[in-house]
Amino acid sequence: MSDDNKNLSDDLEDMIGDAKEGAKKAGDKISQKASELSDDAKEFADDAKKAASDFADDAKEVLSDGKNVGIIAHITFIGWVIAIIMNSSNKTEFGSFYVRQMLGLIIIAMVTSWIPFLNLVMWLVLLVAWIMSLVAALGGEMKPTFLLGKQFQEWFKGI
């Protein structure tokens, strides 16, 4: 029985040795994979930084052309206020043009709203002027409205 015990002991030591060797190989593979994943993560992070930088540059370019300010100025009185704030931080000729145009239309709307019959007629005329102005702003053109548009530019040139 001592030969059997010795054989079992040798087999057990071989198994333990094989297990240690297998564990070492598995650890080496895990370390190698972790290193590869780390390299991939660094590459991904660099790509993400580049993409974010490109996006930021594109966003600055879009916001700097003034077209957005011109379009936002057409969206109710609150939109006009937002547009004037946006334009004050980054003045553009296009944005200032439409801020002045819309200020003129807003003032005409407020003044004519107190005159009963003229109110209805002027609201329709102002709606047409507003739509034509919005279409021009969307097209990137600086067209004065048919209602005192050139005078709005002169009267409100300080804006």
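Q: Is T76 buried or exposed?
A: In this predicted model, T76 is exposed, its relative accessible area being 55%, which is over the 50% that the term requires.

Q: Where does T76 sit, then?
A: T76 belongs to helix 3, the helix that covers residues 76–89.

Q: And what is phi of T76 near?
A: Phi of T76 is near 50 degrees, which is a positive value in a residue other than glycine.

Q: Switching to V135, which helix is that in?
A: V135 is placed in helix 5, which spans residues 116–138, and V135 is exposed, with a relative accessible area of 53%.

Q: How many residues apart in sequence are V135 and I71?
A: V135 and I71 are separated by 64 residues in sequence, while in space their C-alpha atoms lie 9.0 Å apart.

Q: Back to helix 5 as a whole: at what angle do helix 4 and helix 5 pack?
A: Helix 4, made of residues 93–112, packs with helix 5 at an angle of about 170 degrees, and the two axes are 9 Å apart. Because angles over 145 degrees count as roughly antiparallel, helix 4 is roughly antiparallel to helix 5.

Q: Which residues make the contact?
A: On the helix 4 side they include F94, Y98, M102 and L105, and on the helix 5 side they include M122, W123, L126 and W130.

Q: How do the residues of that contact divide into nonpolar, polar and charged?
A: The contact of helix 4 with helix 5 has 14 nonpolar residues and 3 polar ones, with no charged residues.

Key: Residues numbered from 1 in each chain as written. Predicted model: local features only at pLDDT ≥ 70, side-chain atom pairs only at ≥ 80, totals over all residues. Heavy atoms only, no water. Helix = DSSP H or I, 4+ residues; strand = E, 2+ residues; numbered from the N terminus. Buried < 20%, exposed > 50% of the residue type's maximum accessible area, 1.4 Å probe, protein only. Axes fitted to C-alpha atoms, helices over the stretch in contact; angles between N-to-C directions. Parallel < 35°, antiparallel > 145°, perpendicular 65-115°, else oblique. Contact = heavy atoms within 4.5 Å. Nonpolar A, V, L, I, M, F, W, Y, C, P; charged D, E, K, R; others polar.
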